[in-house]
Amino acid sequence: MAKLYIPVLAGTTREQRKSIYAARLVAEVGATFEDVETELVDPKDFHFPGDGNDPEGKDARYTAITERAEAFFIVTPEYNHSIPGSLKRMLDSELQNYIHKPVAFAGASSGQWGGVRAIEALVTTVREMGMVSTFTDMHFPHVQELFDDNGTLLNEHYRNYVEAAWKELIWMTKTLQHGREHIAPLE
Ligand SMILES: Cc1cc2nc3c(=O)[nH]c(=O)nc-3n(C[C@H](O)[C@H](O)[C@H](O)COP(=O)(O)O)c2cc1C
């Protein structure tokens, strides 16, 4: 059976960003599932010239990733109780490629809430894009204390939490993949 391609989308391009450690962990754990193919999609590596989803506002590599993806795992820091502009810009650059695909979330913040408000803000956005959210959110509170300066995880419990989030996402991915491929679309 073909592996499920589920990219992990990182949320920020900030030079000193800590949430990238959480995103790398999520991708690393995802790669341990034998039925999953994953990669880290870092907004820093893409170029979106302007707002919107017109052809000139897209990055062809991101278009290809979203076309191929069966699901998404978004790892976002919380910026002013929402998501960073670079993540929103990246998501906005596509329209049709998200429809009826599941999405899981991890939030990261320097404070105690672990990006919960960023995730809440993101839920309304992904719903408008036609994605379907999982139930098991991941949070990385005090993210600067959870990883060392090399990005090594300092609290192994978090690996288990990430694993649980992946398990639900994989289940949902298979369920919706079946629906998209085998159940007649609505007229
Ligand atoms: C522009 C900006 C806004 C922020 N707003 C919030 C916020 O609303 N709530 C919060 O808990 N942390 C906030 N933070 C702190 C982040 O949680 C912190 O930088 C954390 O390390 C995750 O973001 P990072 O990946 O950029 O490092 C903000 C950081 C920046 C740069």
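Predicted model: local features only at pLDDT ≥ 70, side-chain atom pairs only at ≥ 80, totals over all residues.
Helix α1 covers residues 19-30. Its 12 residues should span 16 Å at 1.5 Å a residue, and the end C-alpha atoms are 17 Å apart, which agrees. Of these 12 residues, 10 are buried, so α1 is largely enclosed by the rest of the structure. Among the buried residues are Tyr21, Leu25, Val26 and Val29.

Helix α2 spans residues 60-68, with Tyr62, Thr63, Ile65 and Thr66 buried. Viewed down the helix axis, the buried residues fall within an arc of 165°, so they line one face of α2. Ala60 and Glu67 are exposed on the other side. The buried residues pack against strands β1, β2, β4 and β5 and against helix α3. At the start of α2, a side-chain oxygen of aspartate 59 comes to within 2.9 Å of the backbone nitrogen of arginine 61.

The structure contains 10 aromatic pairs. One of them joins phenylalanine 33 and tryptophan 166; the ring centres are 6.4 Å apart and the planes stand at 35°, so the pair is tilted. This pair links distant parts of the chain, 133 residues apart: phenylalanine 33 sits in the loop between α1 and β3, tryptophan 166 in helix α6. Phenylalanine 33 is buried at 14% relative accessible area. Tryptophan 166 is buried at 0%. Phenylalanine 46 and phenylalanine 48 form a stacked pair, 6.4 Å centre to centre with 15° between the planes. Both residues are buried. Ring pairs also link Tyr21, Phe140, Phe147, Tyr158 and Tyr161 into a cluster.

Two arginines lie over ring faces. Arginine 61 is 4.3 Å from the ring centre of phenylalanine 46. Arginine 68 is 4.0 Å from that of tyrosine 5.

Terms used. Residues numbered from 1 in each chain as written. Heavy atoms only, no water. Buried < 20%, exposed > 50% of the residue type's maximum accessible area, 1.4 Å probe, protein only. Helix = DSSP H or I, 4+ residues; strand = E, 2+ residues; numbered from the N terminus. Arc of directions from axis to C-beta. Contact = heavy atoms within 4.5 Å. Polar contact = N/O pair within 3.5 Å; in protein donor to acceptor, adjacent residues only side chain to side chain. Expected span 1.5 Å × (residues − 1). Phe/Tyr/Trp six-rings, centres within 6.5 Å; stacked < 30°, edge-to-face > 60°. Lys NZ or Arg CZ within 6 Å of the ring centre and 35° of its normal.
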